[in-house]
Amino acid sequence: MTENVLQFDGVSKSFFGVHALRNVTFALAKGHLLGLVGENGAGKTTLMNILGGVLPADHGGMKLRGQDYAPRTPSQATAAGVAFIHQELNLFTNLSITDNLFIDRFPRLGRSPFIHKRAAKSRARQLLESLNLPLVPETLVDRLTPGERQLVEIAKALSAGAEIIIFDEPTTSLTAAETERLFGIIRDLRRQGKSMIYISHNLGNVLELADDVIVLRDGQVVDQGPAAEFTIERMISRMVGRDISQIFPPRGSKLSDEVVLEVRGVSQPGIVKEIDLTLHKAEVLGLFGLMGSGRTELARILFGLEPFERGQIRGEGIPPLRREAILGVPNAEVRVGNPVASPQPAATNRTSGERGRDALATQGQDTHATETRSPRACIRRGMAFVTENRREEGLLMEATIVDNVGLVALPAFALPRPPRLLRHRRLREAVTRVAQSLRIKSGPAHRTLAENLSGGNQQKAVIGKWLMSRPTVLIMDEPTRGIDVGAKFEVYSIINDLAAQGTSILLISSELEELLGMCDRIVVMSKGEIQGGYERSEFDRERILAAAFQGHQAHLRGTC
Amino acid sequence: MLYLSILLFGVLYVFMPHIASSRNLANLSSNMWPLLALVLGQMFVLILGGIDLSQTSIMALTSVVGGMLMTTSLNPALFEKSPLWGVLLSAEGSPISGTMLTVPLGILAMLLVGMLVGLLNGLAVARFRMPAFMVTLVSLMFFSGLAIYLTKSENIMYLPSGFTMLGSGQIGPIPYSFFIVLLLGGVAHVVLKHTVLGQWFFAVGKSLRTSIVSGVPTERVIILGYVFSGFCGAVASILYTARLACGRPTLGQNLLLDVIGAAVIGGISLFGGKGKVLWALFGVLFFVLLSNALSMLALPFYAEPVVKGAVILLAALLDVTRTRLLTWEVVA
């Protein structure tokens, strides 16, 4: 019988009459790792806020090493040996590792206000060594990879004498190699007798690491037990409260011969090299690669956000009439990349059904063409791009859902002549329709701000924004990152529906399971190059992973 | 803000009844409309998350340019040293002065100069990604200097009456400037609230990166914002120049903080993404009432800027706490 370091006894908490936590009871055993899973809004954050002294509990209490424990401030929690490693890291990127480690408790020279720099540095070095981190303490945090920053956070927690460490989605921004290293360190810490709580949407990781698992739903513990007794399916069905026979909705996969996007030999020194890619009509093409493999960079090049030096990006079969009907804008700005390549003048092109073919061609060699390859031009050619960080590039956080979802298709809701007056009502109705069809849960769309939506609903709003422009090619970069299982399932269904309606999707992900479940084909990138392509019939975890790790062996040693 | 302005007016009326005298009211409104023109332009730039410090230099420059083009008589003793003497200027004014088209051409030139300076600001900010504060500060210094250089610091008198009428003329009790600025405000309101362009202004101010990804022509929007700010500077310059009946190279020198102050008091956020024409109006109303009251109190000369500064500080504080309160709501 192991001793419990932390005990929750019937903890309840409600906000304005709404129960966030109901009678939560569980124990964390010494030297154990407890996996805590649940959908967004299940109460994980509230629970951890109570543990961390951010919020008081309404009822019930906690016991830390047998003693009553009711921290009133985060610093009391820290003093009691409870440390948090947050999703968003709390490091000062402009300071060195040492400065970050001791920011609130620099060793002093005697009792003077002066910092004992030498002591700080040597203690920092010891800490880094104890975690097997080959880093120099003077390095600015700015220069560290996300994985290394995470480890510095852990070092900081240890330096404060933490006995209980809570990890909240620690792997979201880590490469596979960094994740492995983090897991190694977590296992070491467990061996040293530290107790940990590990919160993640990545259920595979939870299962791999945890000794015990707790499932929260609607503020209640709905399932708990040793990890060995759990499977991913059991966790999901308990979290969601219904059985999902499959995480991935079924999809009929039949490849069309029609090519909508063709990439030939696209290169940008230091970023991507000789990329060849073909996207067919109604296809879901997976792009797999580790972080830093160039997959996001490639997507940004395709969407005209970054330049490329050589190569060609061309697309065909974009139905020009439909697009014009939706965007309702004259196509004056779409330059034909290479006049030689288009036999007809652009003006006559517009009336012919062939227009999309030539209008989409862009020549990398022609610097002028590269300049005109802007996101704006790409959108007019029927492309859409769900970026990987929805907070900075997907949404206007302080704007309403209508403003956000309507942003791309805005010109379609204005009178055609300057000053292009907006038809507010039509816009609101159209947005509301999209929001309903995507099941965005929110208040009235014209009053609810994007920042008040949950992660999953925010992501659906981003997708809705692009659906408003009826794209033919939809690029999605990590569309399910940081959203809960239920919302993930919905995003997958949306992708399938779109593909069934003829939209071609380039799906970028670092979760291989997701791609295996969703895609017709998977292309693997590593070090800026395409390493291989696999049809659905030849999907094979091992081979795809091996391709993704191509040339990454040196990277495992943690040089940056 | 309207209520605050009415409240302030009420309080002031109790203590200083002569504030409501028709002379003072006329004085109030003549100060208010040109300032509102400036604030409207400034608002567009603030919504973008930028700032236009160069507006007052635009006023000075356009005032000088307009004055030179329209004046009917220049004193050679004063203007001989101007670099334009003999080229564009002579004792009889400029080549276009004294004709039917003098006033329309002069006004057109003033507006064009204002927009041109705005265009330069906008290009530097949008195309070369320079910080707006830096760009417009340099513009402020450069064009203020240029205005003084062109005239060797002399005022240009003898402007045609067709022009000065714009500053002093009235329809009934209401000055022309009111109608001009009303028109400007109406256009600004429609653009902001009811056009695609207006939505783009807010989008750029709320998140430039999201706007770029979403296909908003961000460079064009930003450039337009500064051009409009320059245009408004020129409009204000026309009104002031006409009222003073002289082209003045130092016109508007002390107005910069009034403009920013009135905008902030009106609730237009310095962080971008927020602003309304009505807010601008109320901000200006409040600000003008305040300065009017302060000058009528006959306080020592240093007290006025101190009180004004305190009020602006308070408004800025309100802006920050409002932003923070909103974030708190989300966290909780």
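In the predicted model, helix 5 (residues 146-159) and helix 6 (residues 176-191) of chain A pack at about 15°, with axes 9 Å apart. Axes are lines fitted to C-alpha atoms over the stretch in contact, and angles run from 0 to 180 degrees between N-to-C directions. Helices are DSSP runs (H or I, at least four residues; strands, E, at least two), numbered from the N terminus. The two helices are therefore roughly parallel (under 35 degrees; over 145 is roughly antiparallel, 65 to 115 roughly perpendicular, the rest oblique). Gly147(A), Gln150(A), Leu151(A) and Ile154(A) of helix 5 meet Glu178(A), Arg181(A), Leu182(A) and Ile185(A) of helix 6. Contact requires C-beta atoms, placed from the backbone, within 7 Å.

In chain B, the axes of helix 3 (residues 55-70) and helix 5 (residues 102-126) come within 9 Å and cross at roughly 155°. This pair is therefore roughly antiparallel.

Lys273(A) lies in strand 12 (residues 272-280) of chain A. Lys273(A) has 17 C-beta neighbours inside 10 Å and so counts as partly exposed (buried, 20 or more other C-beta atoms within 10 Å; exposed, 12 or fewer; partly exposed, in between). Beyond neighbours within four places in sequence, Lys273(A) contacts Ser267(A), Gly528(A) and Glu529(A). Its C-alpha atom is separated by 8.2 Å from that of Ile530(A), 257 residues apart along the chain.

Residues are numbered from 1 along each chain as its sequence is written, and chains are lettered from A and ligands numbered from 1 in the order written. In this predicted model, local features need pLDDT of at least 70 and side-chain atom pairs count only at pLDDT 80 or more, while totals for chains, interfaces and linings use all residues.

Technical notes
Two residues are in contact if their C-beta atoms, placed from the backbone, lie within 7 Å.
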